[in-house]
Amino acid sequence: MISGRQIQPAATGPASVTNTLRAVGIGVQRGGRSLLAEVDLALGTGEVLVLLGANGAGKSTLMKCLAGELGADQGQVLLNGRELHRWRALELARRRAVLPQASPLSFPFTALEVARMGRIPHGGARASSEADDLTIAAEALAAAEAEHLAERRYTTLSGGERQRVHLARVLAQLWEPLPGDEPQWLLLDEPTASLDLAHQHGVLALVRRWAHRLGRRPVARRLGVLVVLHDLNLAAQYGDRVAILKQGRLLASGTPAEVLQPEQIQTAFGLPVRVIPHPDSECPLIIPRSM
Amino acid sequence: MKNDLPRNDPSYRARLTRTFPLVDTLLAVLLAVGPATLAFGDETPQRIVSVDGALTEIVYALDGADRLAGVDTSSLYPPDTEDLPKVGYKRALSAEGLLSLTPDLVLVTDDAGPPEVLEQIRLAGVQTRMIPDAPTVEGLHAKIDAVADLLGATEAAAEVNEGIDQALAEVAAAMGDHADRPRVLFLLHKGSGNDMAAGRNTAADTVIRLAGGENVLHDAIDGYKPLSTEAALAAAPEVILLTERNFDSLGGLDALLADPALANTPAGRDQRVVVMDGPLLLAFGPRLGDAVAELARGLGTLPPVAVDTAEADLDGTAGRTGSAD
Amino acid sequence: MLALVSLVLIVALLSIAIGPVTIPPADVLRALGGLAGLPAGEIAPQHEAVILSIRLPRTVLGLLVGAGLAVAGAAMQGLFRNPLADPSLIGVSAGAALAAVSVIVLGASGLAGVTAFLGPFSLPIAAFAGGLVTTLLVYRLASSEGRTSVTTLLLAGIAINALCGAGTGLLTYLADDQQLRTLTFWSMGSLGGATWPAVGSAALMIALPLLALPLLARTLNALLLGEAEAGHLGIAVQQMQRIIVALAALAVGAAVAVSGIIGFVGLVVPHLLRLALGPDHGFLLPGSALLGGALLLLADLLARTLVTPAELPIGILTALLGGPFFLALLLRWRRTAL
């Protein structure tokens, strides 16, 4: 048994079943190799859950399972209490948005047009909704700090700018609360990978505000955010909870202070670190030691 | 509505009407068109478009040249045809292009097309006649008679036919009893990447036989087919026959025999290569006697002196043979 | 868009009014008026016949084929996320060509039974069937466990295109001189076969893709983001891919069947519009239909009139017209974009 399990049983989610996005004992095998095994993880509304792990630990596979892009060979994934494959694609798209690491988009759409694609699942052909969609796309661009890029061609943007445009797209997808304030889910796969330092913090702060119902656009919504990150300090600073994967299994999950311990990090990443209290906030600060 | 046109076949109309209702209304229009284009009624056609080289030659031989309104790109003889409007390649005709020449008769062979275009021309009230084409002497007579019927020139046709028979008979007589029939290989487009050789049922095959030769591929292939160089070697021809244009574009005898397979045939070893004017050899028209005589000279089955008699007996048309040698 | 509609109307009018047979404009108007039920007045009967049974069907066919090819091209470029894709990638043109060449070369021998049964419609029917069967084969080969990725579709298409090309090459090699010329002309395209029955059957086939593909504009936009991303946006990716491939194959198969291979329109028209109007399929698909129709009609007008009374293959003119225009736009776009 892996020691991390002792800190907090992973299956114990913070909310009731119908208000979670939840993986129950899922496993995935490809080509005779096990990519994921016996993973139990629940994401609740009002929280940012950060998924950590070394390269090849299974983060992206787990993300794809939670997004419904990949069917698990064992176990099941429940979104708002219903199995993923039993949702109609369009209904699912109104409840969860996924930001990929990179998109193969290579056509010269304007940034605004890309952001507006987030409104596709809400589509009607009505003129009023077209106009609304455009307004929402523009506001989403502003929220992702990409307002000034609106009329630029996507193909002329830098990697970081593209990433923010896609962020705006997934924000636009979940812009309005669902009737009855049904929970919505935002899944971000390494959203900070190509961003500069300021934008890394900007983006994570934004999704945290959204999850916590704060900020300029205080939408009365229930939203849970799952973020795959590589930077342990960003995870510590913005994650309400942190989960670590190692070789397809869940090593640990819990608050940053609980999970981000030196032994745990050594086990997961094979890197010796020192963990000290953050001088300005309550989260831990992780400092790699020379190997 | 006038419906007194003998050329509007009622069964054809019924069939078209079934296929497509709009045709009915169009036909109403076209029936009205008929009288305008066929105004001379029973008289012979005055504006003819010929869509085949041999048919064009026949029209000339029947003294119908002044009635030709246009010809296709395969009509190369006599040289006057150059001045006539060209309606393009016979298998890629244009309906409106043809109609713009306001013809009252379009002569085609069975390989003319596309079929839809021929149908449109017929629909526009223009008489379109398909002339059967078989590369035999009888076929040629039938072809000339068919054209003559349409032109109202049956007397001239009898003369032309007789001239052909006479020319052929004279060549045959002059050749005598040649026991030794040279084995001939005719190549089309040699060196173009699309080499073709003549088998049976081709104009070349008949001309070779009439000239006292034997087509080496008569039994092996039907029509024109691609031929591998080794198959050419295996056929062991004693004479290689090419068109002038092909021979020149290859660059002459040395270039032709640079092909090791051809060089090793009996023809290659003896350098027996006969070159002939392509349109004369292949057209299979009124100049057939000419073509046979010229090839026979080339093959050596006919001594050079005999030629003059053969040529003198054909009328002016044959006298203008532009072939070399 | 309004400009494109006017362009189509102007070119269509020109196409009806101009041809090797000189017809006074008044007669053209009277013939068209008569068709619309207006009192026709006096008109030379042959002029009326040329307009109603030759130019009008040809104009309608040109619009249909041009629109069908261009819309199918736009859809394929979207599906393959590649602005250089064209409908030939899914094997439809290669399959149609193989079938057509088979009929041309073997029509009198090996396939004599078939050609005797189908008569003059052998070639179009064979081309249409060949195109659809090949596309189906490509799609089957690219699918496993009910899933198809665009990348495997592309690779399967390349393999099947090569095989069809080999078959066509073999038949070309076997062809005699006249067959060779026939298939050369066929592979350069022509609208010369525009009789009303041909136009009617082409319209039946092309109308569906022409109307349905523009309704899939959002789907195609989403597919440009990637298959996974489109799925996240609620698109039933597998199903939509199948529908798009089928519609494009239908349009191209029918176009090839009635007019031979007309290259360039499917590739360049959407590309050109994308440079001018941007890649949003909401504009791109209807715009391609209009511009494709106009370009093909204009090319046909030149094909019919440049060398009268003969006719040029239309494929030469589509390339000749579209090429320089496309290059100019490309150069301008490169300057502004970089």
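Student: Which residues of helix 3 of chain B are buried?

Tutor: First, the terms. A residue is buried if 20 or more other C-beta atoms lie within 10 Å of its own, exposed if 12 or fewer, and partly exposed in between, with C-beta atoms placed from the backbone. Helices (H or I, at least four residues) and strands (E, at least two) are DSSP runs, numbered from the N terminus. In helix 3 of chain B, the buried residues are Gly53(B), Ala54(B), Leu55(B), Thr56(B), Glu57(B), Ile58(B), Val59(B), Tyr60(B) and Ala61(B). That is nine of nine, so the helix is largely enclosed by the rest of the structure. Just after helix 3 of chain B, Asp63(B) has a positive phi of about 60°.

Student: What kind of model is this, and how are its parts labelled?

Tutor: This is a predicted model: local features need pLDDT of at least 70, side-chain atom pairs count only at pLDDT 80 or more, and totals for chains, interfaces and linings use all residues. Residues are numbered from 1 along each chain as its sequence is written, while chains are lettered from A and ligands numbered from 1 in the order in which they are written.

Student: What is the mean pLDDT of chain B?

Tutor: pLDDT is the predictor's confidence in each residue, from 0 to 100. For chain B the mean is 80, and 79% of its residues reach 70 or more. Over residues 1–41 of chain B, pLDDT stays under 50. Residues 306–325 of chain B also have pLDDT below 50.

Student: Which domains make up chain B?

Tutor: Domain bounds come from an automatic or database domain assignment. Chain B has domain 1 (44–154) and domain 2 (176–319). Their centres, taken over C-alpha atoms, are 28 Å apart.

Student: How many residues of each domain are in contact?

Tutor: Two residues are in contact if their C-beta atoms, placed from the backbone, lie within 7 Å. Here 11 residues of domain 1 of chain B meet 12 residues of domain 2 of chain B. Helix 3 of chain B gives the largest share of the domain 1 side, six residues. As for classes, Ala, Val, Leu, Ile, Met, Phe, Trp, Tyr, Cys and Pro count as nonpolar, Asp, Glu, Lys and Arg as charged, and the others, Gly among them, as polar. The domain 1 side has eight nonpolar, two polar and one charged.

Student: What about chain C and chain A?

Tutor: That contact takes 19 residues from chain C and 23 from chain A. The chain C side has nine nonpolar, six polar and four charged residues.

Student: Which residues touch the most other members of the largest nonpolar core?

Tutor: In soluble globular proteins, nonpolar side chains tend to be buried together. A nonpolar core is a set of buried Ala, Val, Leu, Ile, Met, Phe, Trp, Tyr and Cys residues joined through C-beta atoms within 7 Å. The largest one here has 299 residues, and those touching the most other members include Ala140(A), Val71(C) and Ala100(C). Helix 3 (residues 45–79) of chain C gives the most, 20 residues. Domain 1 and domain 2 of chain B both give residues to this core, so it lies between them.
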